[in-house]
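Me: I have a protein chain here that I'd like to go through with you. Could you start with what sits at its centre, and then we take it from there?

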Amino acid sequence: MLATLKTAGLIVILTLLSGYADAQGFLHAANIWEGRRLIWGELGRSGGWFALGIMLYWAALRFLREAQIATPELQTMVWFSVTIVGVAIASGRFAQWRLSEQLVGIGVIAGIGWLLLRTPG
């Protein structure tokens, strides 16, 4: 039981950190072009955050497999859920969405959660 809780905790922490890093990578990637000019600083920040995100994701995979979440589809769903929420929150725009859009976003995340629970993995 304690080992299962530890594994679940590590999955949550590593996935949240990976999703946060990737969300930062996406936010900086959105600013790498100014007209036809490449903004090298934004490119470097985006690449650095993505590199950190994938390293954390690789670490999370170890514990996802221990928890028998072994298929790439399920592993990606976990990462995608955290990343998309991270982008919406980190950009500050989620709070500006209309309530109906927030509810749809929450419904999408809930649907992904449903698939994670109901799909053998």
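Me: Which residues make up the largest nonpolar core?
Reply: In this predicted model, the largest nonpolar core has eight residues in all, namely Ile 11, Leu 14, Leu 56, Tyr 57, Ala 60, Leu 61, Phe 63 and Leu 64. A nonpolar core here is a set of buried Ala, Val, Leu, Ile, Met, Phe, Trp, Tyr and Cys residues joined through side-chain atoms within 4.5 Å, where buried means under 20% relative accessible area, exposed over 50% and partly exposed in between, with a 1.4 Å probe and protein chains only.

Me: And which elements give two or more residues to this core?
Reply: Those are helix H1 (2-29) and helix H2 (40-66), and H2 gives the most, with six residues. Helices (H or I, at least four residues) and strands (E, at least two) are DSSP runs, numbered from the N terminus.

Me: What does Tyr 57 touch?
Reply: Leaving aside residues up to four places away in sequence, Tyr 57 touches Ser 18, Gln 75, Thr 76 and Trp 79, with contact meaning heavy atoms within 4.5 Å.

Me: Switching to Gln 24, why does that one count as buried?
Reply: Gln 24 counts as buried because its relative accessibility is 13%. Gln 24 lies in helix H1 and touches Trp 49 and Ala 90, again not counting residues up to four places away in sequence.

Me: OK, zooming out, how do the elements run from the N terminus on?
Reply: The order is α-β-β-α-α-α, which comes to four helices and two strands. Of the 121 residues in the protein chain, 28% count as buried, and the C-alpha atoms fill a box of roughly 55 × 35 × 20 Å along the principal axes.

Me: Where is confidence lowest, and where is it highest?
Reply: Confidence, given as pLDDT, the predictor's own score for each residue from 0 to 100, is lowest in helix H3 (residues 72-90), at a mean of 82, and highest in strand E2 (residues 37-38), at 97. The protein chain averages 89, and 99% of the residues score at least 70.

Me: Before I copy this into my notes, what are the ground rules?
Reply: Residues are numbered from 1 along each chain as its sequence is written, and side-chain values use heavy atoms, with hydrogens and water left out. As this is a predicted model, local features need pLDDT of at least 70 and side-chain atom pairs count only at pLDDT 80 or more, while totals for chains, interfaces and linings use all residues.
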